[in-house]
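Let's walk through a protein fold in short questions and answers. Keep the structure in view as you read.

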Amino acid sequence: MQESQAQGRDKMAILERQDHGPVARLTLNSPEKLNALSDDMLAALADTFADLTEDSSIRVVTLFGEGKAFCAGHDLKEMTRGRQAEDGGKAYFADLFTRCSKVMTAIRDLPQPVIAAPHGIATAAGCQLVASCDLAIAAEGTKFGVNGVNIGLFCSTPMVALSRNVPRKQAFEMLTTGNFIDTDRARKIGLINRAVPHPILEAATMELAETIAGKLGAAVKIGKQAFYRQLEMDLEAAYDYTRDVMVENMLWRDTEEGINAFIEKRAPDWNQS
């Protein structure tokens, strides 16, 4: 029986995708490794995000973890094997962190909003994954941490996403102590949007996803891109840039239809393709 179960797991995708209308549900599916961001997991995420970039039928992406944890960060055993190279693992580590960073930035670059749904633990690069998503609804009791400092490895790449999500003193405390924070504190400092009881995590996440998916997809796409770009600009440049974005948006047929529908108190007839 155990051998049969193991063979069944081997045949399952390390990253599962299920589409529910305009919402894609992705599931990290390596529970025996606490869904660690192994080489295989990073490759699967990169490939799936590339596919989603070109998939106009999907308007929102959700990200779950199978088993008792959302994601425990990098696969330390795999990293340790990388040390066997003649250079002590230098080239492998540089490549690993580059690949991981590209996966994180791919989330920002996706045209669709991405909602993380963490539970259990989200540690190190797993916490980075939550911070890299546009939105996050967590199961109550989830623990978040950038704990590398506890084993002598400062979480420098996870720090990039974390420090862009939460106030700097909060981020620095997490990075230098290696302590976990709970969902209440994670919500207060802005790492997650809210926490819900674990049994309704999927329902709450899908409710948010379906609400966003019900908006004009093209408007959400242009808005997400503008959101991140304007954050990197000074105030005057940000207003100049977003003015041009709104002008472009206003000239769309579907935006005109949305305004007319609002005035006429009816549902808009949008082209969501």
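Two strands pair if DSSP finds at least two bridges between them. Keep in mind that this is a predicted model.

Q: How many bridges join strand β4 to β6?
A: β4 covers residues 114-116. It runs parallel to β6. Pairing needs at least two bridges. The number joining β4 to β6 is two.

Q: In β6, which residue is the bridge partner of Ile115?
A: Strands of a sheet pair through backbone hydrogen bonds, either parallel or antiparallel. For β4 and β6, the direction is parallel. The partner of Ile115 in β6 is Leu135.

Q: In β8, which residue is the bridge partner of Ala139?
A: β6 is also joined to strand β8, residues 194-196. Three bridges link these parallel strands. The partner of Ala139 in β8 is Val196.

Q: Which strand is joined to β4 by three bridges?
A: This strand covers residues 60-65 and runs parallel to β4. Its Leu63 has Ala116 of β4 as bridge partner. The strand is β3.

Q: Which are the edge strands of the open sheet of six strands?
A: The order is β1-β2-β3-β4-β6-β8, with mixed pairing. An edge strand pairs on one side only. The edge strands are β1 and β8.

Q: At about what angle does helix α9 run to β3?
A: Helix α9 spans residues 201-213. The helix lies across β1, β2, β3, β4, β6 and β8. Its angle to β3 is about 165 degrees.

Q: Are the residues of β6 buried or exposed?
A: Buried means under 20% relative accessible area. Leu135, Ile137 and Ala139 point one way from the strand, and Ala136 and Ala138 point the other way. Both sets have the same label: all are buried.

Q: Why is helix α5 described as largely enclosed by the rest of the structure?
A: The helix covers residues 125-132. Its buried residues include Cys127, Leu129 and Val130.

Q: How much space lies in the largest pocket?
A: The pocket is lined by 25 residues. Among those nearest its centre are Ala131, Arg164 and Tyr228. α4, α5, β6, α6 and α10 each give two or more residues to the lining. The space in this pocket is about 730 Å³.

Q: How many charged residues are in the lining of the largest pocket?
A: Sort the lining by class. It has 13 nonpolar and eight polar residues. The charged residues number four.

How values were computed: Residues numbered from 1 in each chain as written. Predicted model: local features only at pLDDT ≥ 70, side-chain atom pairs only at ≥ 80, totals over all residues. Heavy atoms only, no water. Buried < 20%, exposed > 50% of the residue type's maximum accessible area, 1.4 Å probe, protein only. Helix = DSSP H or I, 4+ residues; strand = E, 2+ residues; numbered from the N terminus. 1 Å grid on protein atoms, 1.4 Å probe; cavity = no way out; pocket = protein on both sides within 12 Å on 5 of 7 lines; lining within 4 Å. Points joined across faces, edges and corners; volume = space filled by probe spheres on them. Nonpolar A, V, L, I, M, F, W, Y, C, P; charged D, E, K, R; others polar. Contact = heavy atoms within 4.5 Å. Axes fitted to C-alpha atoms, helices over the stretch in contact; angles between N-to-C directions.
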